[in-house]
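Let's take some labels apart and see where they come from. Have a look at the model first.

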Amino acid sequence: MREHPAARILLRGTTALVLLFLLAPMAAVVVLSFSPTEAMVLPPRGFSLRWYEEFLTAGRWVLATRNSFVVAIATTVVATLLGTMAAIGLTLGRFRGRGVLVVLLTLPMVTPYIVTAAAMFFAYSIIGLTGSLAGLVLAHTVVAVPFVVVAVLATLRTFDATLLRAAASLGAAPVPAILRVMVPNIWPGIAAGAVFAFATSLDEFVITLFMAGPGQFTLPRQMYASVREFLSPTILAAATLLFLCSLVFLLASELLRKRAR
């Protein structure tokens, strides 16, 4: 049954309107970030890179950006390793309760972050990790691992397990077989999970608000503090750069998804 041309036009028009509705606020932020004055008025009264310069030179913004990338990179490494090993174990393992374990591993994705943050704060306070960089990385890892698990599990569904049996028949031990046969075939899923883990950590605010100390101000927390203390257009420049990062992550994940196919 062929689609009617009018229905196709209606669908495309509706999609365009929805996208416009979703992107209009962000478009206003991008435009205002180039305003030469502190007055946030649309349209802006001129064009200037003043607020981007302040973002790249002001000590508090530079420190917050550095902290965000340090935490995000560390979280990505740890979450990718743990999530990949968990996904491989769930795929190759044959045991009861596998479905329950998958649900438990992905539970942080659906649990409200305020609940997760409060639980982490009390648990980490007992062992002295609250207010430390290691505690913040571990906290971000908890919410990043599920994204890696889901991405790698999706890729493993298309992996031919007979390749591992063939490697074993040739004398390969389990770990070398996984590293040399399985990982090269599922790397797009691993890379996609790493991208999602990095984006999740870079954008995380609620858990950071609970777990980070004065020396671990990340970019989202600095933006929140800037809104509370003194609303400056510098926050618009920061939001624009984060938006561009998110766009890059989205394009990267889409390319990896096509590569996985």
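Buried means under 20% relative accessible area, exposed means over 50%, and partly exposed lies in between (1.4 Å probe, protein chains only). This is a predicted model, where local features need pLDDT of at least 70 and side-chain atom pairs count only at pLDDT 80 or more, while totals for chains, interfaces and linings use all residues. Residues are numbered from 1 along each chain as its sequence is written, and side-chain values use heavy atoms, with hydrogens and water left out.

Q: What share of the residues in the chain is buried?
A: With that under 20% cut-off, buried residues are 36% of the 261 in the chain.

Q: What makes up the secondary structure of the chain?
A: Helices (H or I, at least four residues) and strands (E, at least two) are DSSP runs, numbered from the N terminus. Here that gives 11 helices and zero strands.

Q: Why is H3 called oblique to H6?
A: Helix H3 (residues 59-92) and helix H6 (residues 133-156) pack at about 40 degrees, their axes 6 Å apart. Under 35 degrees counts as roughly parallel, over 145 as roughly antiparallel, 65 to 115 as roughly perpendicular, and the rest as oblique. So H3 is oblique to H6.

Q: Which residues make up the contact of H3 with H6: nonpolar, polar or charged?
A: Ala, Val, Leu, Ile, Met, Phe, Trp, Tyr, Cys and Pro count as nonpolar, Asp, Glu, Lys and Arg as charged, and the others, Gly among them, as polar. Sorted that way, the contact has 20 nonpolar, seven polar and no charged residues.

Q: How far does the C-alpha trace of the chain span along its principal axes?
A: About 70 × 65 × 30 Å.

Notes. Axes fitted to C-alpha atoms, helices over the stretch in contact; angles between N-to-C directions.
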